[in-house]
Amino acid sequence: FMILGRDGPDGLARRPALRPAHLERAAALAAAGRLLLAGPLLDVPGDEGRPQGSLIIGDFADTAAAEAWIAADPYATGGVFATI
């Protein structure tokens, strides 16, 4: 499953405090052999290098499992993502 989270207007300001917990969840998914690819979306014209969102490709049993996993992610619960 591909999960695409787009940052809201306060996303950049909220990312630093939530990043350790977000990366910890991604590391747990990787340790389980279920994280295929993950990273920030960067290089938006005019904002080169600024995160604008995140892409996660993971192995989940079904859509509900993927949705539940991202719904519990700190970037989702902490207001980084405006849309998922």
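Asp 10 is partly exposed, its relative accessible area being 44%. In this predicted model, Asp 10 belongs to the loop between E1 and H1. The structure contains 3 salt bridges, and 4 strands make up an open sheet with antiparallel pairing.

**Asp 10 and its partner**

- The side chain of Asp 10 meets that of Arg 14 in a salt bridge, with an N to O distance of 4.0 Å.
- Arg 14 has a relative accessibility of 37% and therefore counts as partly exposed, because that class lies between the limits of 20% and 50%.
- Asp 10 is likewise partly exposed, at 44%.
- Side chains of opposite charge can pair when their charged atoms come close.
- Between the C-alpha atoms of Asp 10 and Ala 27 the separation is 25 Å, the two residues being 17 apart along the chain.

**Arg 15, a buried residue of helix H1**

- Arg 15 is located in helix H1, which covers residues 11-31.
- With a relative accessibility of 7%, Arg 15 counts as buried, because the class requires a value under 20%.
- Asp 7 and Arg 15 form a salt bridge in which the closest N and O atoms are 2.8 Å apart.
- Both members of this pair, Asp 7 and Arg 15, are buried.
- The contact between the side chains of Arg 15 and Asp 7 also qualifies as polar, at 2.8 Å.
- When neighbours within four places in sequence are set aside, the residues in contact with Arg 15 are Asp 7, Pro 51, Gly 53, Ser 54, Tyr 75, Val 80 and Phe 81.

**The sheet and the helix packed on it**

- The order of the strands in the open sheet is E2-E3-E1-E4, and their pairing is antiparallel.
- From one strand to the next, the twist averages 30 degrees.
- Helix H2 (residues 63-71) packs on the sheet, where H2 touches E1, E3 and E4, and the direction of H2 makes about 35 degrees with that of E1.
- Strand E1 (residues 2-7) pairs with strand E3 (residues 53-58) in the antiparallel sense over 5 bridges.
- Within this pairing, Met 2 has Ile 57 of E3 as its bridge partner, and Ile 3 has Ile 56 of E3.
- Strand E2 (residues 35-41) also pairs with E3 in the antiparallel sense, over 6 bridges.
- Pro 40 has its bridge partner in E3, namely Ser 54.

- The side chains of Asp 73 and Arg 25 form a salt bridge at 3.4 Å, N to O.
- This pair links distant parts of the chain, with Asp 73 in the loop between H2 and helix H3 (74-77) and Arg 25 in helix H1, 48 residues apart.
- Asp 73 has a relative accessibility of 0% and therefore counts as buried.
- Arg 25, at 21% relative accessibility, counts as partly exposed, because a buried residue must be under 20%.

Notes. Residues are numbered from 1 along each chain as its sequence is written. This is a predicted model: local features need pLDDT of at least 70, side-chain atom pairs count only at pLDDT 80 or more; totals for chains, interfaces and linings use all residues. Side-chain values use heavy atoms; hydrogens and water are left out. Helices (H or I, at least four residues) and strands (E, at least two) are DSSP runs, numbered from the N terminus. Buried means under 20% relative accessible area, exposed over 50%, partly exposed in between (1.4 Å probe, protein chains only). A polar contact is a pair of N or O atoms within 3.5 Å; within protein, one must be able to donate a hydrogen and the other to accept it, and residues adjacent in sequence count only if both atoms are side-chain atoms. Contact means heavy atoms within 4.5 Å. Two strands pair if DSSP finds at least two bridges between them. Axes are lines fitted to C-alpha atoms, for helices over the stretch in contact, and angles run from 0 to 180 degrees between N-to-C directions.
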